[in-house]
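Have the viewer open as you read the points below.

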Amino acid sequence: MGTDELGLNEMLYIADLDSPNMVKAELEDGVHSFYLGNNGDKLIDIYSNPQTPKTTRILDLDAKLISNILVSDNPVANLKIGEVEIVHMLADDGMTILNGRLIKPYDFNLDKKYKVLVYVYGGPHLQLIRNSWMSAAPL
């Protein structure tokens, strides 16, 4: 398991122990947690992404779906909540991509001005911007 190039997704990487090659499994973007089955022949994948609430499923060792165990309903489907958007900014060095999260009011209007709260964290010890359910922005 490891993060992808953007640092937003946690993905499965498949390695051949007889070579230095490693391949990222072809799975949907999101934050995945993997657990190896007791017999070592299957994986439990618990994942979410901004559009998909928590989902638990069984995969084979090539990351192909065997069956879904749990597909959660959208717990906020009937609530008026704002859109959450992951944004990318370029650091002053011109090379480093910084990830940010923009949470808009549910009745957002481009023609209006809004007050803004900027929250800065002292990472990298804690990843707050993630490609998980609601972009890791709890209500």
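In this predicted model, the count of aromatic pairs comes to one. The partners are Phe108 and Tyr114, with ring centres 5.4 Å apart and planes at 25 degrees, so the pair is stacked.

**The aromatic pair**
- A pair of aromatic rings is described by two quantities, the distance of the centres and the angle of the planes.
- The angle settles the label here: planes under 30 degrees apart count as stacked, and the planes of Phe108 and Tyr114 are at 25 degrees.
- Are the two partners buried, exposed or partly exposed? Phe108 counts as partly exposed because its relative accessibility is 36%.
- Tyr114 is partly exposed too, with a relative accessible area of 29%.

**The largest pocket**
- Rolling a probe the size of a water molecule over the atoms shows where empty space is left.
- The largest pocket has a volume of about 800 Å³.
- Its lining is made up of 22 residues, and those nearest the centre are Arg101, Leu102, Leu117, Val118 and Tyr119.
- Two elements give two or more residues to this lining: strand E9 (84–90) and strand E10 (97–103).
- Which of the elements gives the most? That is E10, with seven residues.
- Sorted by class, the lining has 17 nonpolar residues, two polar ones and three charged ones.

**The hairpin of E5 and E6**
- Strand E5 (residues 31–36) and strand E6 (residues 42–49) run antiparallel and are joined by six bridges.
- Across this pairing, Tyr35 stands opposite Ile44 in E6.
- Five residues lie between the strands of the hairpin, and Gly40 takes a positive phi near 75 degrees.

- Is Val71 buried or exposed? Val71 counts as exposed because its relative accessibility is 53%, and the cut-off for exposed is over 50%.
- Leaving aside neighbours within four places in sequence, Val71 is in contact with Lys54 and Thr55.
- Thr52 is 19 residues from Val71 along the chain, and the C-alpha atoms of the two are separated by 8.7 Å.

Key. Residues are numbered from 1 along each chain as its sequence is written. This is a predicted model: local features need pLDDT of at least 70, side-chain atom pairs count only at pLDDT 80 or more; totals for chains, interfaces and linings use all residues. Side-chain values use heavy atoms; hydrogens and water are left out. Two strands pair if DSSP finds at least two bridges between them. Helices (H or I, at least four residues) and strands (E, at least two) are DSSP runs, numbered from the N terminus. Buried means under 20% relative accessible area, exposed over 50%, partly exposed in between (1.4 Å probe, protein chains only). Contact means heavy atoms within 4.5 Å. On a 1 Å grid over the protein atoms alone, a cavity is a set of points where a 1.4 Å probe fits but cannot get out, and a pocket is an open set with protein on both sides within 12 Å along at least five of seven lines; lining residues have an atom within 4 Å of a point. Grid points are joined across faces, edges and corners, and a volume is the space filled by probe spheres set on the points. Ala, Val, Leu, Ile, Met, Phe, Trp, Tyr, Cys and Pro count as nonpolar, Asp, Glu, Lys and Arg as charged, and the others, Gly among them, as polar. Rings of Phe, Tyr and Trp (its six-membered ring) pair if their centres lie within 6.5 Å; planes under 30 degrees apart count as stacked, over 60 as edge-to-face and the rest as tilted.
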